[in-house]
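Here's a quick briefing to read alongside the model. Take a look at the structure first, then work through the notes.

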Amino acid sequence: MNKRILGLIWASLTILAYGEEQVDLGKSVVYSTTGFATEMRKTASTPTVVTAKEIQEKNYKTVSEVLNSIPSINIVKQGKDSIVDLRGQGNKAKQNVQVLVDGVQINSLDTSMTATPIDTISPDSIERIEVIPGGGSVLYGSGTSGGVVNIITKKGSGKKATLGFDYGEYGSKKTNVAVGESFGNFDINLAYNKNNKKGYRENDESDSDYFQGDLGYRISDTQNIDFKYSKYKADEDYPKMLSKKQVEEDRKQDGLSRSKWGKGINSSDTNKDEYVLTYNNKLSENLDFNLTGFYQNTETNIRTWDFGAVNTSTVKGSAIADQKGIFKDEKYGVKPKFKYAYGEGSSLIFGVDYIKNKAERVSDMKIQPIKSSTGGLSPMSIKSYTTNNLEKETISGYVMNNYVWKDFEFAQGLRYEKANYEADRNTNRVVSLNGRPMQTNNEGKKISTDEDNFAYELSANYLYSDTGKAYVRYERGFTSPAPALLTDKVTINGAANYYLNNLSSEKYDNFEVGVSDYIGFSTVSASAFYTITKDEITQDMSSGMPPAWIYNYNLGKTERIGFELKAEQYLGKLTLTESYSFINAKIKEGKKGVYNEAGDKTGSIDLAGNRVANVPKNKFNLGASYAFTDNFNLGTEVVYTDSVYLNNENLGGKVNSHIVTNVRANYNFNSGLTLYAGINNIFNEQYYESINYTLADGYTYDPAAERNYYVGFRYTL
């Protein structure tokens, strides 16, 4: 019934809007396709741009919410983290989609354990988000087969000030303050965001602070320098996945145990500091220079304490597990590049990148088994202390030539990247009885290796009219492995043994055609793509905690075929948007191993013909906004996400499809004050953020929020 009502409403709005005034296309620019401002029409791609105005009007609370509203993006939940997926990468998205902030990569090095920290940025500090689906390896290097997401933060000059407050149904409170001023050639911008989030489920809450300071200096009419510092700090508690029985009892519960030994704990605290220095200089009429230097440091401390089933090589049954984890990610680098303009609109871009990324992971776990006869604690305990020191240094150079001939634009690009790896992995494991060590094992592995890769790009863009373009593009790209994936782990007699594997970089070939234009009363764009990936990096591991064995290997071949459609109409007081994404992601060649408890391979499962896990075939977005007056507008967004398989084996079924509809209202006073309110999931769709399935544990669920409300205000000076 909800789908029929939405269809009738949309058809009525479209008929009502037909024949209204035309859209003024203007000269929209995008920065992420070349690293310099480029007219969107003159790019061989179909980028999506979300502006600060849209973020403000739609009252987004997190970057995840903003990105989930884009049809080409699918947000994959992984515990408390959100993974940004473009063009059907599925669980591999955190390795194969590059997320940038002001042109600097923020992807974590330790991709086997952590996700890209996208929600460490406040939406109130974002000027625009540019999404370039499908490729970008010539300009950005490893890990772009899904595409690139570039988050550009606010700067600007002049006097300005903003104050805002937001209150959500579950008790969430968000406050943001931003001020800016210019003193001669200096521009200063400061922003602070305080977010006390309380989620739908019990024990889902966080207290975070985000600060951003930006100092710019206009050296002359042709050169400027800018320094940005940002700080994110958060303390979080989060629930566990639920069994089916727990969902039926109360889908809001946290799933943590309550026993005579106490209540379970799932918590973390995160600290992130980032420094970015940018220098721009127009060296001559034809030559532009840009230099970016950066330093990032992120540390997350995780504490998990719970009572329940444990399955390790030593303990099978009930136990108390207490685990502390420390994850550190440090990254610094420099990225100089030049743009040389020649001929009638042609240009040559060339640059080098140097990035040093270090990661440290420490896991301190204690397992105390439960006596089955009395329910008391066993005198035996197991302590496991694991350290991982990982390092990846990349040095690369690239060149991109954009040649204009009449109404045609041809691009040719080449990149060479060398990655140097260092990894030191150690595990110390002690089994004790009545506090006395019975068995001690200490195993480690140090590796040092390197990897060379090339990327290529060829494209042709035809500007066949004042408003239309058609393009064709080919790209060969790569994803070099993260350091943690270069070793396998096998536990023998309680000792963790690490072995260097022969993991290779994965390579992809992407073919894409597209068109965009103004047709009738609408801007439209369409693109179709075919991506074939060889040696896709994947992993098999045991379900125990800690896992008794981990194997990393290359999957033979995967294939992704799809298309994306977007349309938008500005029709007087009414604005309509429609978009649709189709992706068929399949495994063409590859087998998954079958292992016994010791980690010995006993067989294999042929995955050929299976769908790639966590990739929805269909996703569509509908949006409408109507300005009743110059001060008051009402809007709605409808997002449909198709079902997805839980794993590459396609066992255990799927996560069901769902439709979520949000409505919002904004009233702008002439004094600069804005009042707003909204209802999320207005039709109360019950669905899951994610579902996990293993043969050992069966199904576990993470229920998504039902209908909820929010109100707030914003004052701009």
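Of the 717 residues in the protein, 52% count as buried, meaning under 20% relative accessible area with a 1.4 Å probe, protein chains only. Keep in mind that this is a predicted model, where local features need pLDDT of at least 70, side-chain atom pairs count only at pLDDT 80 or more, and totals for chains, interfaces and linings use all residues. Numbering starts from 1 along each chain as its sequence is written, and side-chain values use heavy atoms, with hydrogens and water left out.

**Overall shape**
- The C-alpha atoms fill a box of roughly 80 × 55 × 50 Å along the principal axes.

**Secondary structure**
- You'll find six helices and 41 strands in the protein, counted as DSSP runs of H or I with at least four residues for helices and of E with at least two for strands.

- Five strands make up an open sheet in the order 3-8-9-6-7, with mixed pairing; strands pair if DSSP finds at least two bridges between them.
- Strand 3 (48-51) and strand 7 (104-105) sit at the edges with a single partner strand each, so one side of each has no neighbour in the sheet.
- Strand 8 (residues 126-133) and strand 9 (residues 147-153) pair in the antiparallel sense over seven bridges.
- Arg128 has Ile152 in strand 9 as its bridge partner.

Conventions. Buried means under 20% relative accessible area, exposed over 50%, partly exposed in between (1.4 Å probe, protein chains only).
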